[in-house]
Amino acid sequence: SSAHNVEEIWIHQLIETIEFVLGTISNTASYLRLWALSLAHSQLAEVFYDKLLKSEIDEKRYFGIVFMLPFFLCAHFFILL
């Protein structure tokens with residue numbers, strides 16, 4: 001009876017260990033996905049800045065800045081969604 005009890009404890013502990021390892025792997029994968037998404041967003045933000053605002057700011061075209069800023073902000077907002 002004691003051997004049977006020890007086997008149950010070992011099996012239960014093995015199951016708990018497997019669940020812990022799988023949870024750790026899952027959490028790591030989730031954080032890696034978030035990191036990749038953040039990296040992609042920063043790259044897209046840089047492209048939108050370069051294409052929409054940079055030339056206007058460099059040339060000090062204030063009307064262009066005011067006109068392009070809403071497009072830039074909308075692009076940021078929809079990328080975050």
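**Exercise 1. Classify Glu 56 as buried or exposed, and list its contacts outside the local sequence.**

Solution. Glu 56 has a relative accessibility of 13% and counts as buried, because buried means under 20% relative accessible area. The model is a predicted one. Glu 56 is part of helix H1. With neighbours within four places in sequence set aside, the residues in contact with Glu 56 are Arg 61, Gly 64, Ile 65 and Met 68. As for the chain as a whole, 9% of its 81 residues are buried.

**Exercise 2. Describe the secondary structure of the chain and decide whether the chain is a compact globule or more spread out.**

Solution. Step one is the count: the chain has 2 helices and 0 strands. Step two is the radius of gyration, which is 26 Å, whereas the globule rule gives 12 Å for 81 residues. The value is well over the rule, so the chain is more spread out than a compact globule. Step three is the box: along the principal axes, the C-alpha atoms fill roughly 85 × 15 × 10 Å. Step four is the surface, with an accessible area of about 7,100 Å². Carbon and sulfur atoms account for 71% of that surface.

**Exercise 3. Find how far apart Tyr 31 and Gly 64 are in sequence and in space.**

Solution. In sequence, Tyr 31 and Gly 64 are 33 residues apart. In space, their C-alpha atoms are 39 Å apart. Tyr 31 lies in helix H1 and is exposed, at a relative accessible area of 58%. Gly 64 is one of the residues in contact with Glu 56.

**Exercise 4. Classify the aromatic pairs Phe 63–Phe 67 and Phe 77–Phe 78 by geometry.**

Solution. A pair of aromatic rings is described by the distance of the centres and the angle of the planes. The structure holds 4 aromatic pairs. In one of them, the rings of Phe 63 and Phe 67 are 6.3 Å apart centre to centre, with 15° between the planes, and the pair is stacked. Phe 63 and Phe 67 are 4 residues apart in helix H2 (residues 62-80), so about one helical turn separates them. Phe 63 is exposed at 70% relative accessible area, and Phe 67 is partly exposed at 47%. The rings of Phe 77 and Phe 78 are 5.3 Å apart centre to centre, with 75° between the planes, which makes the pair edge-to-face. Phe 77 is partly exposed at 49% relative accessibility, while Phe 78 is exposed at 56%. Finally, Phe 63, Phe 67 and Phe 71 form one aromatic cluster.

**Exercise 5. Identify the residues of the nonpolar surface patch that includes Leu 14, and give their accessible area together.**

Solution. The patch consists of Leu 14, Ile 18, Phe 20, Val 21, Leu 22 and Ile 25. Together these residues have about 620 Å² of accessible area. Leu 14 lies in helix H1, which covers residues 2-58. Leu 14 is exposed, with a relative accessible area of 52%. That value also passes the patch criterion, because patch residues need over 30% relative accessible area.

Definitions and conventions. Residues are numbered from 1 along each chain as its sequence is written. This is a predicted model: local features need pLDDT of at least 70, side-chain atom pairs count only at pLDDT 80 or more; totals for chains, interfaces and linings use all residues. Side-chain values use heavy atoms; hydrogens and water are left out. Patches are made of residues with over 30% relative accessible area and no salt bridge: like charges are joined within 9 Å, nonpolar side chains (Val, Leu, Ile, Met, Phe, Trp, Tyr) within 5 Å. Accessible areas come from the Shrake-Rupley method with a 1.4 Å probe; for residues, only the protein chains shown count as cover. A salt bridge is a side-chain nitrogen of Lys or Arg within 4 Å of a carboxyl oxygen of Asp or Glu. Buried means under 20% relative accessible area, exposed over 50%, partly exposed in between (1.4 Å probe, protein chains only). Rings of Phe, Tyr and Trp (its six-membered ring) pair if their centres lie within 6.5 Å; planes under 30 degrees apart count as stacked, over 60 as edge-to-face and the rest as tilted. Contact means heavy atoms within 4.5 Å. The radius of gyration is taken over C-alpha atoms; the globule rule is 2.2 Å times the number of residues to the power 0.38.
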